[in-house]
Amino acid sequence: MDELDPVIHAAARLKITATLATVPDDGSMSFPRLQELLDLTAGNLATHLRKLEDAGYIAVEKTHRGRVPVTYLALTTTGRRAFEDYTAALRSILGG
């Protein structure tokens with residue numbers, strides 16, 4: 001049986017990776033936009049993002065728009081591959 005990646009398998013982290021997988025390879029999404037799409041609290045989202053970042057699955061870029069700090073998030077090549085492997089393993093488990 002195929003193993004499901006435990007880093008991605010948590011519901012919130014699966015939603016995060018699935019959402020970021022829709023962003024083109026050279027693109028990113030702002031923290032507030034991801035928070036809005038997933039309807040997560042800032043603290044909950046930050047906690048799950050940290051686990052994904054520690055695994056090397058997402059890149060976090062902190063910058064400023066004018067004087068306002070902004071955080072941008074993107075899947076890394078490793079993260080995109082891990083998500084593809086996760087979905088393939090899930091399909092295999094489900095018999096697809």
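Reader: Hi! Is Ser30 buried or exposed, and what is its relative accessible area?
Author: Ser30 is buried, because its relative accessible area is 18%; buried means under 20%, exposed over 50% and partly exposed in between, with a 1.4 Å probe and protein chains only. This is a predicted model, where local features need pLDDT of at least 70, side-chain atom pairs count only at pLDDT 80 or more, and totals for chains, interfaces and linings use all residues. Residues are numbered from 1 along each chain as its sequence is written, and side-chain values use heavy atoms, with hydrogens and water left out.

Reader: Thanks! Where is the place of Ser30, and what does Ser30 touch?
Author: Ser30 sits in strand S1, residues 29-30 (strands are DSSP runs of E, at least two residues, and helices are runs of H or I, at least four, numbered from the N terminus). Not counting residues up to four places away in sequence, Ser30 touches Thr71 and Tyr72, where contact means heavy atoms within 4.5 Å.

Reader: On to Thr19. Which helix is Thr19 in, and is Thr19 buried or exposed?
Author: Thr19 belongs to helix H2, residues 11-20. With 16% relative accessibility, Thr19 counts as buried.

Reader: What does the side chain of Thr19 reach?
Author: The Thr19 side chain reaches the backbone oxygen of Lys15 at 2.7 Å. Leaving aside neighbours within four places in sequence, Thr19 is also in contact with Met29, Leu34, Leu37 and Leu38.

Reader: Nice. At roughly what angle do the axes of H2 and H5 cross?
Author: The axes of H2 and helix H5 (residues 77-93) cross at roughly 115° and come within 10 Å; axes are lines fitted to C-alpha atoms, for helices over the stretch in contact, and angles run from 0 to 180 degrees between N-to-C directions. That makes H2 roughly perpendicular to H5 (65 to 115 degrees counts as roughly perpendicular, under 35 as roughly parallel, over 145 as roughly antiparallel and the rest as oblique).

Reader: Which residues meet there?
Author: From H2, Leu14, Thr17, Ala18 and Leu20 meet Arg80, Phe83 and Tyr86 of H5. The residues of this contact of H2 with H5 divide into 5 nonpolar, 1 polar and 1 charged; Ala, Val, Leu, Ile, Met, Phe, Trp, Tyr, Cys and Pro count as nonpolar, Asp, Glu, Lys and Arg as charged, and the others, Gly among them, as polar.

Reader: Last one: what does Ala82 touch?
Author: Ala82 lies in H5 and touches Asp5, Ile8 and Tyr57, not counting residues up to four places away in sequence. At 12% relative accessibility, Ala82 counts as buried.

Methods
Polar contact = N/O pair within 3.5 Å; in protein donor to acceptor, adjacent residues only side chain to side chain.
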